[in-house]
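Hi everyone, thanks for making time. Please have the sequence and the model open while I talk.

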Amino acid sequence: MSEKYHATPDEIIRAKWPHEIFLINLVFNHILVFASTFGVFSTFPLLVLVVPFLSFSITAYILFKARVIAAGDDTIFVKAHWQVAQKRNKHFMLLLTATCLVISLGLWLSKMMGWSKIGTIALLGGAGLLPFMVSLLVLIVLGNDSMYQARHSKLPKHVVSAVSQPSIQ
Amino acid sequence: MSLEKKIYWGVGIFSFVVIFGAFLIPGDRPEQEDLPWHIEHPTPDSVRIFGLTLGQSTPAQAEARFKEQAEPSLFKSPEGKLAAELFFEQVNLAGLRSRIVLTADIPETELHTMYERGLRMAGTGSGKKITLTPEDVERLRATPISSLTYMPGVKVDEMLFKKRFGEPQQIIKERKSGAIHWLYPQHGLDITLGGSEKPVLQYVAPAQFSKLIQPLLENGERLTP
């Protein structure tokens, strides 16, 4: 499912960046920072908002930079890895937006309808956070796989055909 | 240093700062007012518990105090007695999760009018539960609290009660259920202990205490003089 490419060490570093940034966002921001800010929710309830804010900023940067790379004169190896990251981050942004909407709507409905605290937590956790966390784990696995491919000078086949260039060996 | 490198390290360092910062934030210290044995008497015949003065504070003030919204309901006992109550499903006091029920001091005649106006009626294990109209809910939230029932989420050792509240002035055992009531008339407090059950602490104004223990005296057995 992947093709070998003879990438230079500099190309490997540039191809790894989108996956590295994507993974640090998922693992550090979405898991560790989220757990820490959620832990102090009773004292600083707004601190947890730093997680979606940071995540949207990082994802937006990857999407923007991928377009710049695609329009630039980088090698196919670098372009292909940024394209993989772009596609993944696009889906992740949709997922994050949907989760934020579900949680905001749920909190608003809970306030309007006077739902109990336990019921609200169960509903928002089950319908909002749980699917997001499961998707997050899948994305971490995919991100790690892309990192492995970039480190070993490999390219996903479907991307190669999309970003065709004669230097593929 | 490339921008990607700056983002990577920036996110990493920021995450560590937040994680370790969260550890350094001191936990909530239990306030005196959150403790069930911290009973104050603003006047000789009044009781102040959890920062609420019975007979003066309203359920709306209790909601602000507990930072929770209560569920208002009207209950009708099998004997036909009506009581307007507000139920807090989960309140965190002194790090202990508990449930709290407030009874509003509404005259019997008005309770009957509320009952007639009720929107929905549902059967409960012991009587009926009536859903009140929004206007009656507002009235309920603005009426002073006559009694507060505190149900801690854990089983508490009897020795702890003795240590914190002192020796009860009276102990009455219910004939039917076998539940034991430790009575502290000076505090308007009735602690119900039911063997393996979790304890229930009911606070009323000392002047109302005789009303509280009347049914107990009629249907119970006095274990202490």
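A word on conventions: residues are numbered from 1 along each chain as its sequence is written, while chains are lettered from A and ligands numbered from 1 in the order in which they are written. Please keep in mind that this is a predicted model, where local features need pLDDT of at least 70, side-chain atom pairs count only at pLDDT 80 or more, and totals for chains, interfaces and linings use all residues.

So, chain B. Its secondary structure comes to six helices and 13 strands; helices (H or I, at least four residues) and strands (E, at least two) are DSSP runs, numbered from the N terminus. Of its 225 residues, 27% count as buried. Here a residue is buried if 20 or more other C-beta atoms lie within 10 Å of its own, exposed if 12 or fewer, and partly exposed in between, with C-beta atoms placed from the backbone. Residues are in contact if their C-beta atoms, placed from the backbone, lie within 7 Å. Among contacts in chain B between residues at least 6 apart in sequence, 58% join residues at least 24 apart.

Now the sheet. How many strands form it, and in what order? Eleven strands of chain B make an open, antiparallel sheet, ordered S6-S7-S3-S4-S5-S8-S12-S11-S10-S9-S13. Two strands pair if DSSP finds at least two bridges between them. At the edges stand S6(B) (120-124) and S13(B) (220-222), each with a single partner strand, so one side of each is left without a neighbour in the sheet. On average, neighbouring strands here are turned by 25° against each other, direction ignored.

Let's walk along part of that order. S4(B) and S5(B) (residues 96-104) run antiparallel and are joined by seven bridges, with B:Leu93 having B:Leu96 as its bridge partner. Their hairpin has two residues between the strands, and B:Ala94 takes a positive phi near 55° there. Next, S5(B) pairs with S8(B), again antiparallel, over seven bridges, and B:Leu102 stands opposite B:Leu148 in S8(B). S8(B) (residues 145-152) in turn pairs with S12(B) (residues 200-204) over four bridges in the antiparallel sense; B:Thr149 has B:Gln202 as its bridge partner. B:Gln202 is also the bridge partner of B:Asp190, and four bridges join the antiparallel strands S11(B) and S12(B).

Is it enclosed or in the open? Four of the five residues of S11(B) (residues 189-193) are buried, so this strand is largely enclosed by the rest of the structure.

For contrast, take H5(B) (residues 158-165): of its eight residues, the number buried is zero, so it lies largely in the open. B:Gly166 follows H5(B), with a positive phi near 85°.

On to the cores. A nonpolar core is a set of buried Ala, Val, Leu, Ile, Met, Phe, Trp, Tyr and Cys residues joined through C-beta atoms within 7 Å. The largest one has 39 residues, and B:Leu54, B:Leu102, B:Leu148 and B:Tyr203 have the most contacts inside it. Apart from it lies another core of 29 residues, among them A:Val33, A:Trp82, B:Ile7 and B:Val11.

That brings us to chain A. Two packed helices are described by the angle between their axes and the distance between the axes. The axes of H1(A) (residues 9-39) and H2(A) (residues 50-71) come within 9 Å and cross at roughly 175°. Axes are lines fitted to C-alpha atoms, for helices over the stretch in contact, and angles run from 0 to 180 degrees between N-to-C directions.

Finally, where do the chains meet? The contact takes 15 residues from chain B and 21 residues from chain A. On the chain B side, H1(B) (3-24) and S4(B) each supply at least two residues, and the largest share, nine residues, comes from H1(B).

Note on methods: Contact = placed C-beta atoms within 7 Å.
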